[in-house]
Amino acid sequence: MDPFLRRDGILFAEDVSLEEVALCYGTPCYVYSRAALEGRFRAYQEALQGQKHLVCYAVKANGNLGVLDILCRMGAGFDVVSIGELERVLAVGAKAEKVIFTGTGKREDEMRRALEVGIRCFSVESESELYRLNAVAKSMGKKAPIALRINPDVNPQTHPYIATGLKDSKFGIPAARGLEAYRLARGMDFLEVVGMDCHIGSQLTELDAFGEALLRLKELLEALALEGIHLRMVDVGGGLGIRYRDEEPPSPDAHMSLLKSVFGVSSGYEMVVEPGRAIVGNAGVLLMRVEVLKQADALYFAVVDAGMNDLIRPALYEAWMDIVPVREREGVEARLWEVVGPICESTDFLGKGRRLALQEGDLLAVCSAGAYGFSMSSNYNTRPRAAEVVVDKGRHFLVRERESLPKLWEGEYRLP
Ligand SMILES: *Cc1c(COP(=O)(O)O)cnc(C)c1O
């Protein structure tokens with residue numbers, strides 16, 4: 001279901017016109033559809049029905065409290081990568097026992113806080129982290145539940161910046177050292193070895209690499225069982241891609257079917273999956289306004305009021321994201337535009353060579369901007385971060401105010 005459809009030439013989010021949203025909250029502004037979020041989350045839940053499972057939404061894709069709250073009410077678990085993200089999900093009332101903490105560089109204070117609230121599992125990414133976590137748990141008189149994040153060395157055929165399961169990536173423990181690492185963990189008194197984790201990359205549009213990774217995990221699980229190390233949980237990470245342009249990514253159902261076919265419905269393992277982009281990516285757009293139209297030598301530039309500080313994916317990954325007018329223009333000639341932001345960097349573009357009929361003041365929407373949009377935004381050029389709005393059928397709710405200027409230098413001081 002696409003919640004962003006046109007009515008009489010005007011783009012809507014569910015039953016709310018995006019012109020109305022822009023009027024109410026200004027631009028740039030992220031707009032998310034509740035129905036789309038819920039629909040995607042439900043697809044995972046349903047695909048895993050009948051199987052002991054937990055769908056842990058990856059908070060880093062979009063950590064807005066309004067978004068987290070919607071998912072929390074549906075029974076979501078959460079995958080967090082920092083103490084900040086842990087506090088976010090606790091702030092919407094999520095139960096700590098549904099939280100998984102991943103990340104390559106967890107600090108001791110982060111471990112302590114996570115142990116204190118009683119999270120479900122730490123995903124441990126190195127031998128060194130095993131020692132550190134064991135020591136922290138010991139100092140608190142607690143046992144830390146852990147999974148080891150195994151790096152299966154598969155190439156997911158995605159952008160190199162978002163591939164995480166190659167043998168020279170910084171993530172996880174190489175599969176070849178897995179057995180040894182589990183032996184080490186088993187010998188530690190303040191760790192409880194419960195599972196195995198892997199996450200091979202993001203925006204994956206084919207299942208092959210997922211399948212390969214799952215087979216590696218299965219091999220390792222079998223080798224562990226021979227040594228009497230029996231795990232109860234398998235966490236296969238996130239990474240399922242979405243359609244930005246013409247990709248045809250597998251559905252959550254297809255991804256989960258693969259999981260079930262590798263491990264068997266009756267394997268007894270609790271299946272954990274950590275989708276981020278696949279849940280929220282297509283559920284959001286970035287609304288922006290055309291400020292200036294100008295011509296360089298051979299190129300035409302449309303300078304909009306959103307920049308790489310608001311949405312960095314095009315600049316960082318050369319990601320292609322569709323840009324569409326909120327109101328279809330008549331009587332204006334369409335031509336190819338470089339859609340750029342106002343920031344002092346040549347990488348500050350949102351789209352290149354886009355055929356659009358534009359006038360200054362027009363509203364545009366960047367599609368599929370729900371994931372890694374706001375969450376990667378910054379204040380570069382002392383730009384307040386965008387407002388965020390959730391649409392629910394015919395209603396709209398502000399879920400994050402546009403930042404005010406004084407807030408941007410709050411906590412900064414001049415010398416005495
Ligand atoms: C980023 C991340 C995810 C989510 O990735 P998506 O591609 O957004 O699904 C899941 N698990 C871990 C460990 C991650 O780092």
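In which helix does Glu20 lie?

1. Glu20 belongs to helix H1, residues 18-25. Helices (H or I, at least four residues) and strands (E, at least two) are DSSP runs, numbered from the N terminus. With a relative accessible area of 38%, Glu20 counts as partly exposed, given that buried means under 20% relative accessible area, exposed over 50%, and partly exposed in between (1.4 Å probe, protein chains only). Between Glu20 and Met256 there are 236 residues of separation in sequence and 38 Å in space, C-alpha to C-alpha.

2. On the basis of the model: it is predicted, local features need pLDDT of at least 70, side-chain atom pairs count only at pLDDT 80 or more, and totals for chains, interfaces and linings use all residues. Residues are numbered from 1 along each chain as its sequence is written, and side-chain values use heavy atoms, with hydrogens and water left out.

3. The largest nonpolar core has 102 residues, and those with the most contacts inside it are Tyr57, Phe78, Phe122, Ile146, Tyr182 and Phe263. A nonpolar core is here a set of buried Ala, Val, Leu, Ile, Met, Phe, Trp, Tyr and Cys residues joined through side-chain atoms within 4.5 Å. Helix H8 (residues 208-226) supplies the largest share of this core, eight residues. Apart from this core lies another, of 22 residues, among them Ile10, Phe12, Ala22 and Val389.

4. Tyr182 deserves a separate remark. Leaving aside neighbours within four places in sequence, Tyr182 is in contact (heavy atoms within 4.5 Å) with Leu148, Ile150, Val193, Gly195, Met196, Leu220, Leu224, Ile229 and Leu231.

5. The structure holds 26 salt bridges, each defined as a side-chain nitrogen of Lys or Arg within 4 Å of a carboxyl oxygen of Asp or Glu. One of them joins Arg34 and Asp392 at 3.2 Å, N to O. This pair links distant parts of the chain, 358 residues apart: Arg34 is in helix H2 (residues 34-47) and Asp392 in strand E20 (residues 387-392). Arg34 is partly exposed at 22%, whereas Asp392 is buried at 12%.

6. A second bridge joins Glu403 and Arg385 at 2.9 Å, N to O. Glu403 lies in the loop between strand E21 (395-400) and helix H12 (405-408), and Arg385 in the loop between strand E19 (363-366) and E20, 18 residues apart. Glu403 is buried, at 10% relative accessibility. Elsewhere, bridges with shared partners join Arg34, Glu38, Arg42, Asp392 and Lys393 into one network.

7. The axes of H2 and helix H9 (residues 252-263) come within 9 Å and cross at roughly 25°; axes are lines fitted to C-alpha atoms, for helices over the stretch in contact, and angles run from 0 to 180 degrees between N-to-C directions. H2 is therefore roughly parallel to H9, as angles under 35 degrees count as roughly parallel, over 145 as roughly antiparallel, 65 to 115 as roughly perpendicular and the rest as oblique. The contact involves Arg40, Ala43, Tyr44 and Ala47 of H2, with Pro252, Asp253, His255, Met256 and Lys260 of H9.

8. Helix H5 (residues 108-117) and helix H6 (residues 127-140) have axes that come within 10 Å and cross at roughly 55°, and the two helices are therefore oblique to each other. In H5, Glu108, Met111, Arg112, Leu115 and Glu116 meet Glu129, Arg132, Leu133, Val136, Ala137 and Met140 of H6.
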